[in-house]
Structures are given as structure tokens and as C-alpha cells.
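Please read the notes below alongside the model. They cover a few points on fold and annotation.

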Amino acid sequence: MGESWFRREFLTPRRLAFNVIFYGLHFFFFGYGWYSQATNQRLAGLNSLKFSVWASRGAGLVLAFDGGLILIPMFRNIIRFVRPKLTWLFPADENIWFHRQVAYSMAFWAMVHTTAHYVNFINVERTQIRKQTALQIHYTQPGGITGHFMLLIMVLMYTTAHHKVRAQCFEVFWYTHHLAFFFMIGLYTHATGCFVRDSVDPDYISSFPFYSTQHCLGYLSWRFIIWPGIIYFGERMWREYRARRTTRLSKVLVHPSGAMELRIIKPSFKYTAGQWLFVQIPEISRFQWHPFTITSAPEDPYVSVHIRQVGDWTQALGDRLGVGPSVVANMTSAALKGAEKEEKSGMTRGDFVELDPAIASITLPAVRIDGPYGAPAEDVFKVEVAVLIGAGIGVTPFASILKHIWYMQRKGRLGTLRRVEFFWVCRDAPSFGWFQSLLQEVEAAQADPNFLRINIYLTQKISEDMLWNIAVNDAGAEYDPLTLLRTRTMFGRPDWMTIFGQMKQAIETGQYLPGSKSQLKTKVGTYFCGPGALAKSIKEATLANSGSTIDFTFAKEHF
Amino acid sequence: MGNLIWHEYARLVSITASVYAVWSAFFGLFYRKFFWDFVGGTLRDPGGIEPSPNAAVFITLIVKVPVIQMLSMALGMFMIAMEFPIPPLKKLAIHRSLVVRIVLLLFQTFLTILYYQGTNAAIWSLIAAVSYGRAEMLKEKMAVAKENKGRGGRA
């Protein structure tokens, strides 16, 4: 954490704008709610409770606003649709971040609102402006009951959404977060008790919404904030419907490195390179949806995902297909030793075992997919130079993108794209054997040696044996001994400042893109997928090297 | 994936409940009310519920002098100190005891259920205690804080 909190929140123009607008709106709603309660002559009775009632009404209006906002970042399909048009305005890929900001704000204002109401109700009881006790309001009236339930639901949802819990047991988070359904019901019906009224008793009527707005003088905010709820519900229904459309698992390929490649055929599924989807295998779990990056290009006749057996769900899938963790563990360790053993075992790293129901005596499980969902790497064809950086498992979206670029190259439809720099930073390259075979294919197909440049950085500590092995085998060999690519593997962490600096120099002097005039602005898009700390240093490097002639942009993918 | 570590989850609930307990106790100092005063109480206009004489001891401890509120505030603060934990507690092995936490959380439930503002704190503390109980049943062990590692008996 190099930069200070102040610098991050206030000295970054975009963040500053967000903070001013977001928190400004919150305080505006609080002030308006407070003011309109305090000055309403018809509510003079309630106003005798003074500050507490003003604060509770103000905070109530803010909470209604938050309740309307909280679902908006979760409109996955709508966001996917509007994202390309609105990236200039707001980072639509940061939807989960926004969801969290709303949730934090909601927790704070819920505290204000609840505290104020605890004061309100005790004063109602003491002054008897209504002939009720505090506990009657708390536990027998709709406002109180829904309020306490919403607080309880919030405790459960917030605690299980902690990143530690999500990492330990995603299911707990996933199922608990569906309490949101009851939370939203509670939110929309919170005011049905007609607490804010100018009459002695609640003025209930027999038709919807079952209280008369003649005497019930709440903000009626549910009329506005129910729409995101309805849209979200509709979206979930649409996703369910879409997931049920014909989907067939056609093939499973098991790569020697242990990754399983599922090839799925779903004619109704349209996507672009770099997107991801949810996979459900009802036989393993009826409700769980697991996100995976699509590794096939849109031109491929199938949709493929590469799955490594790391969690219990993926291991169960491996078991179901007869290539359980133990089988794969052997294969993985074999692949890790791969470099030397290769010739003897007679199996190169690009080979795979195909599980085809037509040949082997296994059946493939039914599968359902939901998606696709967006990722910034869709925009590669709009820049002149694309810098693709994948770190570790974050390299998966680039499989699809590189394949897609390859297809487009063959068709001669590259758009403005002139060059691609691909960086792959990983600890142990051999465990991504399947990706290497893909890279081999793409590299071999290159006619122009300058179009695609592959840079592989291995950050793992290497043993002395391995060092000698590399030293002996690498010299003069046509292919890199580790990755079997023509590109040499580099060791250690890449120095992004230097890399981008050199690229800038090369572009400015016209060496990098022959024919491009230096006075024209060159757009270099950087697409990164991987851990946050690395993202930060790359972003700094892109910002530091942007100038009048070169525009480095940065986009990060989220999982 | 797939394995919820209960004591880590319970810690989050416990922190939430304890913060609520402190906040509710703070307001309980200014608006003093015995939660159970409706049992046998009579409603006066104005003045609210007049508790039954049987509850005199609670009225003394909550309304006349806010002892219960102060106790639960202190306990809540101690729980927060223990859950984070603050450096002096980090040195003691006792801060990793799940049983101590269960007992303290049950105390917290008992204290906060007595006064008007503390109901939710009581319910949440109970949830935290049950979660810790689950952790204890599963024989979970709390890991030694990083700074203490390798210090054996002195930690």
C-alpha cells in the first residue's frame, strides 16, 4: 500500500467524481428526508419527537435510495449489453466494487435509521402520543418486524460475503446471499404499517397497497425502488430459461497437465473472445454455478472451458468423468518433470486423452451453461497495439483472445490491430501444458514474425539441476526447452516500467510500427488478468509512459 | 473450497454483535428501559410502562443506575479487543480459546437481552456463540498469530 488513503480517494479524478456524486447524493437525500419531515405541518404530532424522527426519516430515504441501487450492479446481462457503450463514463467492470460500496453505505445508514427509531419508539411510549408501547411498535407492526428481519439478514449476508469465507466455502456465501430475496421483500413492505401518518390509527384500505396515501404520508419510495427488484428477478428468470436451452457436452479432453477441457455445444450461445460463463452440472450439484473463462474462439464450432481440479466441485467432476484427482495428480507431476522425461514416455505435452462417449465406455453428464458475461478484453481490435498480460491462471481468457486473433488474421480482418505483445507471468509453466500447446499452434501459424510476440516469464525458483538443464539445452536449440516455443522463456519478474518505456521509445522512433507517423497518436491497449498487486504496478507503468503521441490504456479483468 | 472454517466465520458475527452491543449500551445510558417491563407492567399516559414491583431489582440495575448497560458495554469492548485481537491479548494463549468466547458471548446475550436497545445484540451474540460452538464440535483450532510463531511457551 504505497499510496495514502487521501491520495486514492480524492486525488484521482474519477474516484473523486464518484465520491462527490455518490456520497453527495446520500447526504442530499438525508437532508431532504430530514427537511421534508421537519417542515411537514401535517406530521406535527410525529415532529414532537424532534431530532430522532427527523434523523430516522432522513436515513430511511437514504436507505431506500441504496435499496434501489444495490441490485443495479447485479444486472449481469444488461451490463454486458451496455458496457461497450459506456466504458468511457464508468468502469462497468467494477460492478462488484460498486455493489460493495452501496452495501457499506447501507450498513452505515441502517445504523443511523435503527438508532433513531429506538429513540423514537421509547419516546412514543413515554409521551403516549400514540397509545402504544415501544415493543409493540418494534415487534407487532410491519415496520418493526421487517426492520429487525432485514437487520438479521444483513448480518448473515455481510458476514458470509467476507472474502475469507468466500474463498473457504463459496457455497455458504452463494446460498446466504439469496436471502436478498427476503431482504428486498422486507424493504418494499417496510412502510406498509403506515407509521408515518397524520391520523390516530393507520388508515388501511382493502385495495393495493392496502394503506391510504391520504393519511399515510411516507415517501412511498417503494414505488421507485421496486423496479430494480423486478428487473433483477426478471433477469434471473431469463438466465434460468436460457440455461435450460439445448446444451450438450460433446467431448471431454484431459490434458496431461491435469486440466480437463469440456467442449460444449449450444447453438443458442453467442459470445465474443475473452468472456466467461457459468457452468452447472446438475448431477454433481443441482444449484451450483461455477464461473469459467471461455477458452474457445467464437469461430470454433463449440464452447470450451478448461477446468483444473482444485476445488471439491471440480474434483467431483473429475471423479465423475473417471479422471479423478489421483489420476490427474500423477499426470501433473509427470508434466512438471516433463522437460526431460518427454522422449521416453512418448507423450508430448500437447497431447491429450480424449474421453469420447462414442469410443470409451463412459457417459458424459448433462451440463448447463449461463452466460456469456463481459470482460474488457473484447476491445482488442480497437487499438493498434494490444498488450495482453496474463498472470498464472489469469492467462485463460487470452487463450480465447489469441485464438480469435488467429482466426481474424487468417480472414484478414484485424481492424486497427497491428501488433500483439503477449506476456505470460507464471510460477510453473509446465502445469499449463494445454496452454502451451495452444501457444505453439498460434506461434507456428504466424506469417509475419513481428505481429505476435510472446514473452514468458517464469517466476518460480529453479533448482540447480534445472538451471544446468536449461543452460545445456537452450543454447542453439530452435525451441525453448521449457515451453517448446520458439520464444525464449525469461526468468524472474518482468520490469514493467522498462518494458513500457522501451515500447514507447520504439513507437516514437517509428521502429515498432513501420509506416506509422510519429505525430499520430498510437493507441496501446493493455489487458491484464491476474492478481491485484501486479495490476497496480502495470497500471502505474502505463500511466507513466502515456504521452502526447502514445496513449496507453489499462483494463483489468475480474473474477 | 467447500470447507467453512466456523471459528473464522463466528468471529465476524461476534465482532458485529459486540459492536452492536457497545452502541446499544451507549444509547441505553441515555434512554434507560428494562426490556421485560411489559411483563406485569401497566401502561401509564404519559410516562409509558410502569414495571411490576417484582422487577424492582432490574429497575435498580437498569433504570436507576445503568449498571447492566455499563457491564455489557465493557464486555462488548472486551470481546472486540479479543476478536481483533489487540497486541497485549495477542501474547496470551487464552485469546485463542473458543470456549472462553462461547461463555463470554452467552454472558453478552444475557446482559443485552435485559435492556431495551440490546435485543438484536443478544440474538446476534447467540448466533456467534452457536457458530463458535459448531467450531468447537468440529474440533477446530485457532491458528497462532504470525508474530507469536515459534515462541513456544512464551507466546
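The numbered points go from conventions to chain A and then chain B.

1. The model is predicted: local features need pLDDT of at least 70, side-chain atom pairs count only at pLDDT 80 or more, and totals for chains, interfaces and linings use all residues. Residues are numbered from 1 along each chain as its sequence is written, while chains are lettered from A and ligands numbered from 1 in the order in which they are written.

2. Chain A has 19 helices and 13 strands (DSSP runs numbered from the N terminus: H or I of at least four residues for helices, E of at least two for strands). Of its 559 residues, 36% are buried, that is, have 20 or more other C-beta atoms within 10 Å of their own C-beta, placed from the backbone.

3. In chain A, β4, β3 and β7 form an open antiparallel sheet in the order β4-β3-β7; strands pair if DSSP finds at least two bridges between them. β4 (290-293) and β7 (368-373) are the edge strands, each pairing on one side only. The twist averages 30° from one strand to the next, with axes fitted to C-alpha atoms and angles running from 0 to 180 degrees between N-to-C directions.

4. Strand β3 (residues 276-280) of chain A is joined to β7(A) by four bridges. Phe278(A) has Asp370(A) as its bridge partner in β7(A).

5. UniProt, in an unreviewed entry, lists residues 12-35, 55-78 and 98-116 of chain B as "transmembrane region"; such annotations may be inferred rather than shown by experiment. Residues 12-35 of chain B are 79% helix and 0% strand, with end C-alpha atoms 26 Å apart. For residues 55-78 of chain B, the values are 88% helix, 0% strand and 29 Å.

Notes. A residue is buried if 20 or more other C-beta atoms lie within 10 Å of its own, exposed if 12 or fewer, and partly exposed in between; C-beta atoms are placed from the backbone.
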